[in-house]
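This report walks through one structure, part by part. Keep the sequence and the model in view while reading.

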Amino acid sequence: MKILLSSVCLESGTDIQLSLYYLKGYILKSNPSFEVSIHCFTENQSVPAILRKIIEAKAQVIGFSCYLWNIKKTLHICRRLKEIRPGVKIILGGPEVSPRAEEILAQEKAVDAVVRGEGEESFAQFIQAGPDQIRGISFRKDKKIVNTADRPLLRNVGKVPSPYLNGLVDLKDKSIKDVPLETMRGCSFRCGYCYYHKNFPYVRYFPLSRVEKELRLILSHKPHEVYLMDATFNSNPQRAKKILKMFIRYNRGSNLHVELKTELVDEEMARLLCQANAYNIEIGIQSTNPRTLKAINRTLDKARFRKGIRALNKLKLYYEIQLIDVLPYQSYEGLKNSLDWLYSLHPAKVVIFRLAVLAGTALREEAADFGIEYDHRPPYYAYKSNAMNEAEVKKIEKFSYAMDRLYDSQFFQKTLFAFKKNAGVKISTILEDWAAWESRFKRRPADYPEFLNRKSPMFLAYLCRRYAKAALYEKLLPGLLKGR
Ligand code: SF4
């Protein structure tokens, strides 16, 4: 049997779709006679071009991995594919369809089945035996939709063959820049806006001996970056340190990308991260407002967080702290307070993401209680709540650009802190001022950020006028010009 595994990826996504390689490895382990190929496409490829490639593969079964960003295009491809090749079996899996299996099957006649939850075993058994007795499958039977029982998680994730150690991924391929790797699967936290923990409600570790072999092999090919897919890499700090030491031992110049809980970062971990070239660290805190955090089932220990940030800053590690805009009880002013507190820690970077009210999450169920209104089509962005109106949400979008220009670009950063100190104006207020000031210019194409950098003395003059601090202009201008 010929099976094609496919996904439409974000242009900027990692080069290797790990989930498809896991599936391929598992299918081949169950039945080595199957012919399994993988084709990944990008958002920018046209549907006819994608269809041509898929049809060329002459597969009897086609599996698509579905996410928020590709579901619309994937369903379009499925419809066209079924028109051209009615005999082909189309199976969907992934976080975007798992909680919506019935709805997808009811609406999309082109889709034959949906694999719910952890997919490897369900998919491999399904293509050999059909759906009836297989757990974790939703399918159509006599015009009715049947959901088989949920599948328990694999007890031993090490059963899933490593795509690297078994040679499924050709690491010699020079076009591979970033290599994703899971050292664990699942999450023991229960954030209200997240679906990942619903699919994988507890942590299972890949054996350290396997992780070590994978790292040794991957790093010997000197990829640009190894991206650890673990939800919270340092949730088990001792284990995380062991993995970092392995990374350091085998590294030949690659960078490391991880997601961390800052409260669990101590001096030793920061030093190991630094030695491991961890230049891409994500830190999701979402909010600093205790009531908001409680409503989304998260915690933030500010004292420990501050300590962790200090340890990262001391070694000049580059990291990104992530906030979410529309959340329960989070007002516009509250979000500004979060920003001011974070900027007082002199972080490497702060970003604000839009809330996506994902299917299957606790927050989607409770959205009405918090007055959260959102687009019911993917990516399900929220546009207002009881605490934040639509105009404020739009203002926050402009903030992001201000944060990029005034802080992340480094260009104005020193002046920003100096103005705050000398004029007693909050950073978040200066960001707001910048958004108002910037709106007077007509957006230009690619060189627009440079254009704004050149105009930055004008912005400083604007601030000094606005806050009646004329003397500050002369004082801060030399520093600003020096940074240019
Ligand atoms: S957001 Fe991250 S930490 Fe929270 S439940 Fe999801 S995966 Fe776990």
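## The loop at Tyr380

Tyr380 sits in the loop between strand 16 and strand 17. Strands (E, at least two residues) and helices (H or I, at least four) are DSSP runs, numbered from the N terminus. Tyr380 is not a glycine, yet its phi is positive, about 55°. It is partly exposed because 19 other C-beta atoms lie within 10 Å. Here buried means 20 or more other C-beta atoms within 10 Å of a residue's own, exposed means 12 or fewer, and partly exposed lies in between, with C-beta atoms placed from the backbone.

Pro379 is in the loop between strand 16 (373–374) and strand 17 (382–384). The peptide bond from Pro378 to Pro379 is cis, with omega near 10°. Most residues other than glycine have a negative phi, and most peptide bonds are trans.

## Basis of the model

This is a predicted model: local features need pLDDT of at least 70, side-chain atom pairs count only at pLDDT 80 or more, and totals for chains, interfaces and linings use all residues. Residues are numbered from 1 along each chain as its sequence is written.

Asn297 is another residue other than glycine with a positive phi, near 65°. It lies in the loop between helix 10 (290–295) and helix 11 (302–314). Asn297 counts as partly exposed because it has 15 C-beta neighbours inside 10 Å.

## Domains and core

The domain assignment, automatic or from a database, gives domain 1 (2–147), domain 2 (177–388) and domain 3 (409–484). The centres of domain 1 and domain 3, taken over C-alpha atoms, are 50 Å apart.

The largest nonpolar core has 129 residues. Such a core is a set of buried Ala, Val, Leu, Ile, Met, Phe, Trp, Tyr and Cys residues joined through C-beta atoms within 7 Å. Val114, Val357 and Leu406 touch the most other members. Beyond its neighbours within four places in sequence, Val357 is in contact (C-beta atoms, placed from the backbone, within 7 Å) with residues including Leu363, Ile372 and Tyr380.

## Parallel strands

Strand 13 (residues 280–286) pairs with strand 14 (residues 319–324) in the parallel sense, over five bridges. Pairing requires at least two bridges found by DSSP. Glu282 has Glu320 in strand 14 as its bridge partner.

Strand 14 also runs parallel to strand 15 (residues 350–353), joined by four bridges. Leu323 stands opposite Ile352 in strand 15.

Notes:
Two residues are in contact if their C-beta atoms, placed from the backbone, lie within 7 Å.
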